[in-house]
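Q: I'm new to this one. Can you walk me through it?

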Amino acid sequence: MTNDPIKTAVVTGGASGIGQECARQLREDGWRVAVWDRAGNGDDPAVDVADYASVAAAARRLDGVDLLVNAAGIAGGREPVAEKDPAEWAQVLAVNLTGTFHCAHALYPHLKARRGVVVNIASVAGITMMKGRAHYAVSKAGVATLTRSLANEWAADGIRVLAVAPGYVKTQMIERSIEAGELDEGKLAAMHPLNRLASPQEIAAAMIALAKPPFLFMTGSVVLIDGGLTLGK
Ligand code: NAD
């Protein structure tokens, strides 16, 4: 990243949850933040990360970008593969994986100009298999692999590319399923040896920390922030 006094970040999915918290913490730190979310917000027009034309139009409104946070994502349903609607499979891949690619691709010249950083969100779901979640698992394993691929290709441009892989985080994505009775908060907490869900604040804080000194030697890493979920019991 450059030493410009005001740094610019693009935060996808910045209208809710982890992305919203990233945007809030970055603004509090003095960053200029463009939110790319299909929900739109007061300052920024709606952007659909699954639609390359929408992403490219938003990228044209910017020049240098110091940080891209790819936090847009959807969970999809909980059916086993044999019962999965192929259209939903495609949509989850289009938002979570291809959307991450679209934003990195469209912002590459802007990131290169500032020797910027990309921080993606993978998931423990891409590591530990959960029944009924194949579409999501594949999308998040793809994000982890895309992270390493981009890190490898863009290191020569001075661009670092990282990801976090959270356990369950208390955002709308999970709260909706708890309210609908599809998930039980106590059981979710018990999956984590630390016996709780993460807050969006602590995931966002880790993502922003990775973008800054002293972590400048990190690239291609997929950092687990999972309360021990992948350790087993
Ligand atoms: P959230 O539902 O609170 O926020 C997701 C945001 O993404 C919303 O504002 C939504 O409008 C936006 N979005 C969805 N589709 C979009 C599209 N096509 N274009 C632009 N924006 C779009 O969920 P969250 O928990 O904050 O999720 C953020 C990221 O973290 C997602 O990638 C999710 O898969 C990942 N994640 C979440 C958890 C968790 O337990 N909540 C765990 C691991 C990873």
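Q: Which residues are linked with E21 and E28 in a network of salt bridges?
A: R24 is. E21, R24 and E28 form that network. Keep in mind that this is a predicted model.

Q: How many salt bridges are there by this rule?
A: The count comes to 10.

Q: What does R78 form a salt bridge with?
A: With E182. The closest N and O atoms are 3.6 Å apart.

Q: Is R78 buried or partly exposed?
A: Partly exposed, at 29% relative accessibility.

Q: And what about K170, which residue does K170 form a salt bridge with?
A: E185, with the closest N and O atoms 3.2 Å apart. K170 lies in the loop between strand 5 and helix 5, while E185 is in helix 6, so the pair ties together parts 15 residues apart in sequence.

Q: New topic. In what order do the strands form the open sheet?
A: The order is 2-1-3-4-5-6, with 6 strands and parallel pairing.

Q: Which strands stand at the edges?
A: Strand 2 and strand 6. Each has a single partner strand, so one side of each has no neighbour in the sheet. The twist averages 15 degrees from one strand to the next.

Q: What lies across strand 1, strand 2, strand 3 and strand 4?
A: Helix 3, residues 86–114. Helix 3 runs at about 170 degrees to strand 3. Helix 7 lies across strand 3, strand 4, strand 5 and strand 6, at about 160 degrees to strand 5.

Technical notes:
Residues are numbered from 1 along each chain as its sequence is written. This is a predicted model: local features need pLDDT of at least 70, side-chain atom pairs count only at pLDDT 80 or more; totals for chains, interfaces and linings use all residues. Side-chain values use heavy atoms; hydrogens and water are left out. Two strands pair if DSSP finds at least two bridges between them. Helices (H or I, at least four residues) and strands (E, at least two) are DSSP runs, numbered from the N terminus. Axes are lines fitted to C-alpha atoms, for helices over the stretch in contact, and angles run from 0 to 180 degrees between N-to-C directions. Contact means heavy atoms within 4.5 Å. A salt bridge is a side-chain nitrogen of Lys or Arg within 4 Å of a carboxyl oxygen of Asp or Glu. Buried means under 20% relative accessible area, exposed over 50%, partly exposed in between (1.4 Å probe, protein chains only).
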